[in-house]
Amino acid sequence: MGEMKPRDRVLDQLKGKKIDRIPCYSGMGNITLDGIKQVGNPRFADIHRDAKLMAKVASSTYKIFGYECAVLPYDLGVEAEALGSEVNFYTHRDDIVYPTVKTKLVKSGDEVKIPENFEEKGRLPLIAEAIELAKEEVGDQVAVGSFVNGPFTLAGQIMDLNDLLKVAFKKPEAITAITEKLVDVIGMITKVWEDAGVDFITVREEGAPADVISPRMFKSLVMTNLTKTIDNIKVPKILHICGDTNPVVDLMAQCHADAISVEKKCDLVKSRAKIGPNVLLFGDIDPFGLLCSGKPEEVKAAVKAAIEKGVNAVMPGCDLWPDFPSANMRAMIEATKEYGRLT
């Protein structure tokens with residue numbers, strides 16, 4: 001097999017086809033300080049509210065480093081904002097601070113209200129435009145991806161997280177009522193991304209690792225509506241959960257995603273043993289302790305180890321932190337090419 005284009009490598013793998021080597025990409029935030037500087041060094045707070053800037057910065061990670069994707073948006077507040085939450089963009093600051101959800105909307109499931117003309121709310125039209133622009137910019141070379149919160153995680157965005165966890169223990173049926181409605185919300189958003197031309201979508205159920213809820217609660221509270229959310233997505237889909245996922249990785253593999261993505265807390269050897277050889281398993285490069293603070297040779301060693309332990313794609317375990325040494329990004333990609341050949 002000859003050298004594949006990054007776009008074909010990523011999408012063919014997600015569709016179960018044979019590829020030439022393991023890809024190196026992400027289904028989560030992947031912007032870099034180098035890319036921000038390349039497009040004129042705009043303020044970080046401004047990029048999230050400008051479709052052209054968002055597309056150019058997302059595309060720059062491939063153009064500068066050869067990273068095999070372009071992913072947008074960059075923050076996790078998009079769904080809550082469209083539902084009516086206020087988002088803090090930290091416009092008074094010049095450093096790297098991601099937007100956060102400022103206002104909580106609900107205390108119970110009955111309070112979840114989907115606004116009329118929902119697809120036009122918040123930044124949904126802006127991000128759809130950014131996806132279209134990124135497709136024009138690099139879509140012939142790399143897969144353009146997007147992500148959404150899973151229903152349990154989104155519940156933790158529109159409701160106080162401590163309250164959510166308390167209710168989950170005391171009145172689990174109330175949490176189910178919330179997440180059932182949020183399945184529809186997320187489905188409407190993923191359709192907006194799909195209509196804009198996105199190639200793949202990552203569902204980030206980051207509020208449900210085993211160090212937050214037990215496998216029993218994952219199965220009873222999270223799994224059903226998470227699976228419905230994934231089933232609503234028409235393009236290839238990845239399921240990502242942060243934290244310790246070893247106790248639930250077999251359940252993740254049953255949620256109908258085309259691949260599952262894990263982070264450094266997950267023991268890859270144990271996970272591979274639990275899910276078997278045929279499930280696509282992505283991870284587990286530490287985006288902070290390693291990519292930001294490590295040395296290139298340490299990055300290369302981590303990539304080699306991840307491949308030897310059974311990952312099908314080399315991925316950071318969460319969003320890239322934009323201000324990392326460029327040599328570390330290059331080391332991750334070079335090591336993937338060196339150790340990830342499949343033919």
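The model is predicted. Two peptide bonds, Leu72 to Pro73 and Gly283 to Asp284, are cis. Asn41 and Tyr90 have positive phi without being glycines.

- β4 (residues 144-149) pairs with β5 (residues 200-204) in the parallel sense, over 5 bridges.
- Val148 stands opposite Val203 in β5.

**Helix across the sheet**

**Cis peptide bonds**
- The bond from Leu72 to Pro73 has omega near 10°. Pro73 sits in the loop between β1 and α5 (78-83).
- The bond from Gly283 to Asp284 has omega near -15°. Asp284 belongs to strand β8.

**Positive phi**
- Asn41 has a phi of about 55°. It lies in the loop between α2 (33-38) and α3 (44-47). Its relative accessible area is 48%, so Asn41 counts as partly exposed.
- Tyr90 also has a phi of about 55°. Its place is the loop between β2 (87-88) and β3 (100-101). Tyr90 counts as buried because its relative accessibility is 19%, and the cut-off for buried is under 20%.

How values were computed: Residues are numbered from 1 along each chain as its sequence is written. This is a predicted model: local features need pLDDT of at least 70, side-chain atom pairs count only at pLDDT 80 or more; totals for chains, interfaces and linings use all residues. Side-chain values use heavy atoms; hydrogens and water are left out. Two strands pair if DSSP finds at least two bridges between them. Helices (H or I, at least four residues) and strands (E, at least two) are DSSP runs, numbered from the N terminus. Buried means under 20% relative accessible area, exposed over 50%, partly exposed in between (1.4 Å probe, protein chains only).
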